[in-house]
Amino acid sequence: MDLTAIDPLKLPSLPLEKKANLPDCPAIYFAISGSGEILYIGRTADLARRWISHHRKIVAMSNLSFLRIYTLFGKISGSFSLIISIFEPINRPY
């Protein structure tokens, strides 16, 4: 997978208010504002659990009505640091 060719805005997504509908699977995810600004990039073993009980910090950074969660599924092991360096989110996860 060519990570530089990824367009986060074309990945599957849900508005934050529908986070209960997120799948319970591993994913790298992008929290993106309504203006297209990448606020955060994270990875998790269970996307649904992560967003149901987590990420108050991200919610505080954005207007809830415009924040969407975009997800990247598949074999992406070892590429998380590269994704961070390519997309440079406002709030780096580490």
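Reader: How many helices and strands does the protein chain have?

Author: In this predicted model, the protein chain has three helices and four strands. Helices (H or I, at least four residues) and strands (E, at least two) are DSSP runs, numbered from the N terminus. Along the sequence the pattern reads β-β-β-α-α-β-α.

Reader: Which conventions apply to the numbering and the confidence limits?

Author: Residues are numbered from 1 along each chain as its sequence is written. Local features need pLDDT of at least 70, side-chain atom pairs count only at pLDDT 80 or more, and totals for chains, interfaces and linings use all residues, while side-chain values use heavy atoms, with hydrogens and water left out.

Reader: What share of the 94 residues is buried?

Author: Buried residues make up 44% of the 94 residues. Buried means under 20% relative accessible area, exposed over 50%, and partly exposed in between (1.4 Å probe, protein chains only).

Reader: Turning to the strands, how do S2 and S3 run, parallel or antiparallel?

Author: Strand S2 (residues 27-32) and S3 run antiparallel, joined by six bridges; two strands pair if DSSP finds at least two bridges between them. Isoleucine 28 stands opposite arginine 43 in S3. Strand S3 (residues 38-44) has six of its seven residues buried.

Reader: And what lies between the strands of that hairpin?

Author: Five residues lie between S2 and S3, and glycine 36 takes a positive phi near 90° in this hairpin. Serine 33 is in the loop between S2 and S3 and counts as buried, at 13% relative accessibility. The side chains of serine 33 and serine 35 are joined by a polar contact of 3.0 Å. A polar contact is a pair of N or O atoms within 3.5 Å; within protein, one must be able to donate a hydrogen and the other to accept it, and residues adjacent in sequence count only if both atoms are side-chain atoms.

Reader: Which residues of H3 are buried?

Author: The buried residues of H3 are Phe80, Ile83, Ile84 and Phe87. These residues cover an arc of only 100° around the axis, which puts them on the same side of H3; the arc is that of the directions from the helix axis to the C-beta atoms. They pack against S2, S3 and strand S4 (68-72), where contact means heavy atoms within 4.5 Å.

Reader: How many aromatic pairs are there?

Author: There are two aromatic pairs. Rings of Phe, Tyr and Trp (its six-membered ring) pair if their centres lie within 6.5 Å; planes under 30 degrees apart count as stacked, over 60 as edge-to-face and the rest as tilted. One of them joins phenylalanine 30 and phenylalanine 87, edge-to-face, at 5.4 Å centre to centre and 90° between the planes. Phenylalanine 30 lies in strand S2 and phenylalanine 87 in helix H3 (residues 80-87), so the pair ties together parts that are 57 residues apart in sequence.

Reader: Which members of the largest nonpolar core touch the most other members?

Author: Of its 14 residues, Ile28, Phe30, Ile41, Ile83 and Phe87 touch the most other members. A nonpolar core is a set of buried Ala, Val, Leu, Ile, Met, Phe, Trp, Tyr and Cys residues joined through side-chain atoms within 4.5 Å. H3 gives the most to this core, with four residues.
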